[in-house]
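Hello,

Here is the structure I promised to pass on. Please open it first, then read my notes below.

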Amino acid sequence: MKESRKILSKIYMVMIMAFFYLPILYTVVFSFNSGRSLTRFDGFSLRWYEKMFSDSNMMKAIFYTIIIALLATAISTVAGTIAAIGLSNCKKLVRGTMEQVNNLPLTNPDIVTAIGLLMFFSMLGLEKGFVTMLLAHVMFCIPYVMLSVMPKLRSLDPNLADAALDLGATPWQALTKVIVPQIMPGIISGALVAFTMSFDDFIISYFVTGNGINNISILVYTMSKRVNPSINALSTLIILIITLVLVLMNVIPMFKEWKEKKEKEKQQEESAAIK
Amino acid sequence: MKQFRRMAYPYIVWSVIMIILPMLLIVMYAFTQKGNDVLTFKVTLDNFIRFFSDPIFIDVLKRSLWVAVLTTVLCLLLGYPVAYIIAQSSGRKKVMLVLLITIPMWINMLVRTYAWVGILQDKGLINTILGFFGIGPISLIYTDFAVVLGMVYNFIPFMILQIYTALSKLDKSYLEAASDLGANKMQSFLNITFPLSLPGVISGITLVFLPAVSSFFIPKMLGGGQYVLIGNVIESQFLTSGNWNFGSAISLIMAVIILISMYITKKLDKTGLNEGGK
């Protein structure tokens, strides 16, 4: 009875994983297809990769995606951290209200945020393009940064900054030498979330951009209307990079742990030898 | 540390301008008519009347709700066992499984959705496999099935991870106590595990229903140009027909529907918890 349940759950997990990874595998395989078809594999070729790298639209989209993600991450990480530190010292009413306001872009459907920004930018008379896209990305990235910095600030000893000030530190020193190092893990994870949110965004970018400034998502969306296997090549590239980063991010801590363990053992051995 | 308080002021100004003002613009546009000057706008309900008096839009609304509800239910039914199995597994295997669930989430949604276009074709992978058994070809792409499949595929990781988080917080001693008191596995699941995982289920439902009801690229890619959900109507009002007032009204209607459904789900959660507590 117990055995059969175990086998059943294993079969189920394998099926779910197949469901998850089949499309990804399919994309990778068909990016090497020599034919144009999305359903028949005609033979191996790197034709679509060549086409991707020589396609200026695709290269431009990749460039804009990365530039906007980097800029939006940098700006929103700094701004979000400053705002979070400021808010954590504000009165409860202000803090609570701002947390609610911050939640709006996170809980609203993206399309609602997108059309709001679209109308707002046009009211200001801003031309749709790089600047509007960057502003929009900063707008939806800051809440994610604050969301990951706020808990770190809350667990910080409130006397820490006061102690630094009493000991003669300027507020700037107290901030950069005491508070920021303490909340660094929150800042880093906030920056990572902001980067991926910006990198993957489609809906908001799609509504607020113009003048030929596209990111990868918009490009895939507009190109998918016709059969175009270079999308598969581009997708494979993204899949490869992301999988690599994720695996490394998970393997490096494991490796570090293993190394530390080894070193500890070594030290113990040495101290034992000395004795 | 009062001197740090000033650091919040720029962001307060920013969020009033960049978050609140755009929301107000949507409301303002929804209640006015095209061609009106912004400064002398006249309040009108015409946009809402136009939506609710047109059977085409009512059909779109009904279909969007139906697709979103179906997607949410399927994600829950398929995702709960996955979360449960992950929560039951131990150590390294658990970490691996969570990683396997998360990796696809990091890959661009459009990229993943586009992959299904090839798989679901009449001569695609699924129909080829079915062909071996002498079935088909069944037309899969550009149907309701394809759209719901695409949505389940994109949104089920949210459901799994939410339920998994709730399940992994569960205090194992409750289950031990239950089995000591003579409960069998089914009883302790129904009376302890499931009620205690409800907060995860609720936030999972929210995270699936919200993007499902407002999605517009999944129906377009997998449902074809003729397949219209409420998100597609909003998109076309803003990007092709340029009627921002009507588009704003539709998104306001959508937002209200989302709020109502969130409210109902929360209510259900409370009654569910109370029963669990009895």
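Start with A:Met139, which is buried, with 24 other C-beta atoms within 10 Å. (Buried means 20 or more other C-beta atoms within 10 Å of a residue's own, exposed means 12 or fewer, and partly exposed is in between; C-beta atoms are placed from the backbone.)

A word on the source: this is a predicted model, where local features need pLDDT of at least 70 and side-chain atom pairs count only at pLDDT 80 or more, while totals for chains, interfaces and linings use all residues. Residues are numbered from 1 along each chain as its sequence is written, and chains are lettered from A and ligands numbered from 1 in the order in which they are written.

Back to A:Met139. It sits in helix α6 of chain A. (Helices are DSSP runs of H or I, at least four residues; strands are runs of E, at least two; both are numbered from the N terminus.) Setting aside neighbours within four places in sequence, A:Met139 is in contact with A:Pro105, B:Met18 and B:Ile19. (Contact means C-beta atoms, placed from the backbone, within 7 Å.) A:Ala72 is 67 residues from A:Met139 in sequence, yet their C-alpha atoms are 8.7 Å apart.

Now the helix pair. α3 (residues 56–88) and α6 (residues 130–154) of chain A pack at about 45°, with axes 7 Å apart. (Axes are lines fitted to C-alpha atoms, for helices over the stretch in contact; angles run from 0 to 180 degrees between N-to-C directions.) That angle makes α3(A) oblique to α6(A). (Under 35 degrees is roughly parallel, over 145 roughly antiparallel, 65 to 115 roughly perpendicular, and the rest oblique.)

Next, chain A as a whole. It has 11 helices and zero strands. Its radius of gyration is 25 Å, well over the 19 Å that the globule rule gives for 275 residues, so chain A is more spread out than a compact globule. (The radius is taken over C-alpha atoms; the rule is 2.2 Å times the number of residues to the power 0.38.) The C-alpha trace spans about 75 × 70 × 45 Å along its principal axes. Of the 275 residues, 39% count as buried.

Last, the two chains together. 59 residues of chain B are in contact with 58 residues of chain A. On the chain B side, α1(B) gives the largest share, 12 residues. That side divides into 43 nonpolar, 11 polar and five charged residues. (Ala, Val, Leu, Ile, Met, Phe, Trp, Tyr, Cys and Pro count as nonpolar; Asp, Glu, Lys and Arg as charged; the others, Gly among them, as polar.)

Best wishes

Terms used
Contact = placed C-beta atoms within 7 Å.
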